[in-house]
Amino acid sequence: MLLSSYDPVMYSRMLTGLTLAFHIIFATIGVGIPLMIALAEWIGIKRNDEHYLLMARRWARGFVITVAVGVVTGTAIGLQLSLLWPSFMKVAGQSIALPLFMETFAFFFEAIFLGIYLYTWDRFKSRMTHFWLLVPIVIGSSASAFFITVVNAFMNAPAGITVEDGKITAISPFGAMLSPAMPTKVSHVLVTAYLTCAFVLAAISAWSLLKGRNHVYYKKALKLTMVSAFIFLISSALIGDLSGKYLAKYQPEKLAAMEWHFETTSEAPLVLGGILTEDNEVKYGLKIPFALSILAHGVPNAEVTGLNDIPEDEHPPLYIHYLFDLKMGFVAMMVLIASAFMLLLWRKRELAFSNKWILRGIILAAPLAMLTIEHGWIFSEVGRQPWILRGIMRTSEGATVSDHVDTMLWVFALLYIVLAISSVTVLTRMFRSNSAEQEIEAKGIKGGDEQ
Amino acid sequence: MSYEVLGITVLWIFLFGYLIVASIDFGAGFFSYYSTITGKRHVINNIIERYLSPVWEVTNVFLVFFFVGMVGFFPDTAYYYGTALLVPGSIAVILLAIRGSYYAFNTYGTNKNNRFYMLLYGASGLLIPASLSTVMTISEGGYIEVSDSGQVSFLFSKLLQSTYSWTVVLLALVSVLYISAMFLSYYANRANDRGAFEVVRKYALAWSAPTILSSLLVFFAIRGHNAEHYQRMTEHAWMFVVSFACFLIAVYHVWTRKRLGLSFIFVMLQFGFAFFGYGAAHLPYILYPYLTIHDNFTSEPMAIALISVFILGLLLLVPSLYLLMRLFLFDTKYVQGKRGK
């Protein structure tokens with residue numbers, strides 16, 4: 001039934017979803033890694049520690065490969081927006097062209113300075129000059145995430161426009177950027193990108209330590225990345241809570257669908273896990289009393305809108321509950337791993353770098369963090385259905401009517417598979433053939449001072 | 001100047017920027033591959049790599065800038081072109097993706113000079129201009145059908161059978177090779193690399209005549225395809241004459257091996273005059289005959305906001321681009337390979 005006939009809307013959704021799912025892996029890396037490189041280079045210069053400088057160099061080398069894939073898939077999604085959603089882009093062009101435009105500026109800025117940064121390692125007398133080149137890269141990469149999330153926030157909660165009979169009549173370009181969804185979305189996207197990159201880099205060091213390579217370089221890298229990860233984890237949890245409160249106020253249907261909350265009640269319980277029967281009854285779920293009211297409004301007896309009060313053709317799909325629970329499960333595991341590491345670092349320092357279980361946990365945390373990003377996005381995007389612009393345009397009205405969307409879906413799927421395999425091969429080969437120890441020896445880096 | 005004209009001028013300038021930097025890039029990829037199979041890679045590869053490595057990402061941004069700005073200033077273009085271009089646009093995106101990523105895999109990965117990667121890189125560099133140039137062809141009208149209900153359909157077979165579209169493809173291919181070889185001649189000369197210079201100089205001279213011939217061909221093909229546009233182009237005839245004069249000056253300097261920087265400036269002027277002459281004659285149509293720059297132009301507050309942001313953005317970009325060029329284009333020590341990475 002799903003794919004028996006050619007349905008451009010369905011195929012457009014699948015192709016956009018596929019491109020975004022692939023792009024955000026590289027986009028997340030693109031946003032977070034520059035910050036970690038900057039941290040390492042800063043510490044290296046300040047402490048005059050060559051190990052940290054080498055860390056920045058090695059991370060930057062791998063980063064280029066991911067940037068390349070990020071840039072090309074970003075170009076793909078940029079063009080696909082117009083190719084697959086022409087009617088939507090016509091409306092978006094009127095209302096949110098400004099942040100889209102600013103995003104390309106940020107991208108431009110980052111691209112210029114990344115090129116300079118990579119080719120001027122030993123060019124300036126002062127090491128700080130080279131460090132300052134990272135500032136526009138960090139600003140540019142975070143700003144492009146900022147502006148593109150502003151666009152997405154507008155789609156979730158349009159603002160700054162006047163709508164009459166389904167047509168946009170008046171627009172305030174800057175007002176459209178300040179949608180109610182913007183603050184929570186933007187901060188959540190940025191912090192979780194930093195978090196994920198800290199975990200990804202931590203996993204690489206943990207992997208080497210687990211293989212018995214005990215060089216102090218890896219210990220320094222692990223400590224830097226895990227302490228950063230812990231801080232980002234706390235901040236993303238706080239912002240996550242604010243996102244819940246935002247949903248209750250502006251997108252109650254998304255919150256209700258994700259929590260399977262049907263009747264509008266006060267003292268609403270939160271459902272963990274469980275399955276939904278045909279007639280919308282929750283079975284086997286774990287109910288936590290008052291928790292949903294607290295999540296939504298901060299007080300246990302607050303009233304939370306239920307799905308039954310929302311027209312049925314505006315219900316998001318109810319399976320987003322599973323996505324949300326899965327995501328929170330991943331988050332719980334990451335909290336556990338990061339806290340355990342911090343506890344060891346504080347109490348039994350040597351164990352933090354040698355205990356096999358903690359190292360394995362850190363290696364696991366990296367894919368978990370990436371999966372959390374994917375789940376978070378899928379949950380957020382599917383939870384907005386049936387709207388492409390909430391309250392203004394339905395997804396089915398925005399899609400192309402062209403033929404061949406199905407063929408394009410297969411072609412792009414093939415492209416992403418090939419790109420994924422090649423980039424992973426190139427990256428692993430790059431670091432296997434030139435380990436940190438080899439490079440330290442080749443460069444004649446002295447030291448090895450204790451952590 | 002009205003906001004519409006200002007908007008389209010800004011976008012046209014960016015498209016021109018893309019035309020120049022992308023041509024250098026695409027052509028260099030092709031020459032790099034071609035020199036491998038003819039056994040001259042060791043002669044010219046150093047200069048190509050030294051130029052491309054710091055700038056390869058920037059090239060893409062010009063293109064993204066153009067199409068994002070286009071949708072911002074002229075939202076209706078998203079509807080018409082978006083619907084029509086699904087297949088050619090997707091092909092261009094896939095080629096760009098292959099090219100960009102395999103360039104990075106080859107340059108920064110361990111296994112340099114992977115022949116297969118270089119083939120992907122070189123071949124896609126020639127196919128991308130061909131697929132992107134279809135947008136220009138479509139803008140002349142005749143390849144899109146719009147029904148009474150506003151449904152847009154793209155006449156793919158008509159495009160494939162049209163002489164005009166093939167002359168545009170030919171011009172795109174030939175000019176890419178010409179622009180790139182002219183630039184590399186300048187760059188090799190600055191690097192004091194005689195061996196490389198002699199090779200790329202031959203490429204440049206070899207591609208100069210085909211460039212002018214295919215330009216003429218396009219000129220006549222437009223007459224057959226869109227008489228109205230041809231008529232307006234003859235009204236701007238002086239621009240094409242100046243363009244031809246610039247071409248002669250540029251080639252003369254490469255021929256005599258003197259003042260190659262000036263020569264490349266004249267290459268840019270040659271394409272600048274032709275490109276802006278073509279663009280000016282194309283106005284007011286963005287898509288003949290359905291869409292002019294006055295139809296559904298974005299709202300005034302949005303136009304003002306976009307233009308303000310654009311000016312602020314330029315204040316950031318121009319110094320940054322200047323810094324990039326200072327460090328990698330006009331730094332003699334870097335160009336000659338006397339600086340470590």
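**Exercise 1.** How many salt bridges does the rule count over all chains?

*Solution.* This is a predicted model, in which local features need pLDDT of at least 70 and side-chain atom pairs count only at pLDDT 80 or more, while totals for chains, interfaces and linings use all residues. Residues are numbered from 1 along each chain as its sequence is written, chains are lettered from A and ligands numbered from 1 in the order in which they are written, and side-chain values use heavy atoms, with hydrogens and water left out. A salt bridge is a side-chain nitrogen of Lys or Arg within 4 Å of a carboxyl oxygen of Asp or Glu. By this rule the count over all chains is five.

**Exercise 2.** Which parts of chain A does the salt bridge of Lys220(A) and Asp49(A) tie together?

*Solution.* Begin with the distance: the closest N and O atoms of Lys220(A) and Asp49(A) are 2.6 Å apart. Helices here are DSSP runs of H or I with at least four residues, numbered from the N terminus. Finally, both Lys220(A) and Asp49(A) are buried, where buried means under 20% relative accessible area, exposed over 50% and partly exposed in between (1.4 Å probe, protein chains only).

**Exercise 3.** Are Asp25(B) and Arg99(B) buried or exposed?

*Solution.* These two side chains meet in a salt bridge with an N to O distance of 2.3 Å. The pair links distant parts of the chain, with Asp25(B) in helix H1 (residues 3-37) of chain B and Arg99(B) in helix H4 of chain B, 74 residues apart. Asp25(B) has a relative accessible area of 8%, and is therefore buried; Arg99(B), with 4%, is buried too.

**Exercise 4.** What do chain A and chain B each bring to their contact?

*Solution.* Contact means heavy atoms within 4.5 Å, and it takes 64 residues from chain A and 67 residues from chain B. Buried area is the accessible area (1.4 Å probe) that two parts lose on being put together, summed over both; between these chains it is about 6000 Å², of which carbon and sulfur atoms give 79%. The count of salt bridges between chain A and chain B is zero.

Technical notes:
Helices (H or I, at least four residues) and strands (E, at least two) are DSSP runs, numbered from the N terminus.
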